[in-house]
Amino acid sequence: MIRVGVIRGGPSSEYEVSLNTGANVLSHLRGDVLREKYKPVDILIDKDATWHVNGKPITLEHVSNNVDVIFNALHGEFGEDGKVQQMLNQWKIPYTGSGAFASALGYNKAMAKDRFKNLGIKTPESVIITKDSYDVSDKSPEDLAKEQARYVWSKIPPSWVVKPISSGSSVGVKVCKTFPELEDALLSCIIDGVDILVEEMIEGKEATVGVVEGFRGQKTYTLPPIEIRVPKHKTFFDYDAKYSGISEEICPGNFTNDEKEELARLASLIHTGLNLDHYSRSDFIVHPRRGIYALEVNTLPGLTDASLTPKALYAVGATMPEFISHLLTLALNKNNPTQY
């Protein structure tokens with residue numbers, strides 16, 4: 001029996017989503033298909049970053065001695081930014097998903113965008129406002145927000161998308177169509193003390209494409225693109241639109257054959273170009289005239305019943321037990337050169 005530690009929860013704003021992803025993985029590991037091969041261990045990481053099994057705090061040494069592999073079901077800070085990967089590396093515990101450096105790169109939206117550009121992939125024009133730049137100022141947050149809003153206005157015409165540089169599940173993301181809205185969004189980020197990415201708002205079809213390594217005999221197997229349609233009362237695919245079931249997620253999406261081929265090529269290029277491991281999901285906007293723009297990459301996509309990656313897997317006739325077992329096999333492969 002292979003002992004699988006499923007880590008979930010974590011000290012991030014995506015705590016609840018991670019709990020659900022982990023619960024779904026655990027349910028499949030305990031199901032009829034996988035229970036003869038795997039012995040799951042439910043490892044909860046609380047919001048203070050303390051690890052628990054059966055309600056009792058544990059150490060990484062305990063984890064190392066009691067599991068053969070980790071299924072990383074964390075999302076957001078600590079789980080996707082390379083921190084937990086570094087800890088697992090130190091104890092030489094194999095794990096699913098990308099290594100520490102690649103995780104940190106994918107999680108930082110500004111760094112990922114730079115990599116997209118280097119790979120020849122279009123991405124929306126942007127302005128970066130770092131926490132350091134306003135931490136040293138003696139101006140009030142309100143004056144800083146107004147000053148930075150003027151700067152953004154001079155560089156990018158409306159509308160804008162304001163987002164923390166490091167976050168997931170659209171936490172803290174705001175679409176701004178007017179100067180006062182931009183000012184308010186920047187003020188909120190400044191008060192929260194985060195680095196800020198402001199992008200031009202590109203209208204078009206929203207698409208997301210999953211990639212799975214070594215699946216069905218392919219080095220990088222691309223899942224069919226999903227088209228996301230948010231309700232009219234939503235301006236974009238925000239946290240509520242993602243997890244409340246109010247959005248329409250069409251798989252395969254209504255894209256032309258050329259668009260489908262290009263989306264698959266770009267998702268595969270992002271996965272390999274950022275040295276990601278095992279699986280990822282990249283988000284795009286398909287503009288009717290300007291083409292396809294990459295928005296960001298998710299190095300640990302959600303695996304809840306409502307998540308996008310499982311829907312794409314089902315669309316190609318794959319099952320969650322098949323997918324979970326495949327990821328664990330990849331993680332246990334000692335010849336994986338990018339798990340560092």
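Mentor: Happy to! A disulfide is a pair of cysteine sulfur atoms within 2.5 Å. Searching the whole structure turns up zero disulfides. Cysteine 176 is in none, as the nearest cysteine sulfur, that of cysteine 189, is 8.9 Å away. Cysteine 189 is likewise in no disulfide, and the nearest cysteine sulfur to it is that of cysteine 176. Are these cysteines buried or exposed? Cysteine 176 has a relative accessible area of 1%, so this residue is buried (under 20%, with exposed over 50% and partly exposed in between, for a 1.4 Å probe and protein chains only). Cysteine 189, at 5%, is buried as well.

A word on the model: it is predicted, so local features need pLDDT of at least 70 and side-chain atom pairs pLDDT 80 or more, while totals for chains, interfaces and linings use all residues. Residues are numbered from 1 along each chain as its sequence is written, and side-chain values use heavy atoms, leaving out hydrogens and water.

Now for the sheet around cysteine 176. Strand S8 covers residues 174-176 (strands are DSSP runs of E, at least two residues; helices are runs of H or I, at least four; both are numbered from the N terminus). S8 belongs to an open sheet of four strands, ordered S6-S9-S7-S8, with antiparallel pairing (a pair needs at least two DSSP bridges). Which strands stand at the edges? They are S8 and S6 (126-129); each has a single partner strand, so one side of each has no neighbour in the sheet. From one strand to the next, the twist averages 20° (angles run from 0 to 180 degrees between N-to-C directions, along lines fitted to C-alpha atoms, for helices over the stretch in contact).

Let us look at how S8 is joined to the sheet. S8 pairs with strand S7 (residues 160-164) in the antiparallel sense, over three bridges. In S8, valine 175 is the bridge partner of valine 161.

What packs on this sheet? Helix H5, residues 109-118, does, touching S6, S7 and strand S9 (196-200) (contact means heavy atoms within 4.5 Å). The direction of H5 makes about 45° with that of S9.

For a contrast in pairing, look at strand S1 (residues 2-9), which pairs with S5 in the parallel sense over four bridges. There, valine 6 has phenylalanine 71 of S5 as its bridge partner. From S5 (residues 69-72), Val69 and Phe71 point one way and Ile70 and Asn72 the other, and all are buried.
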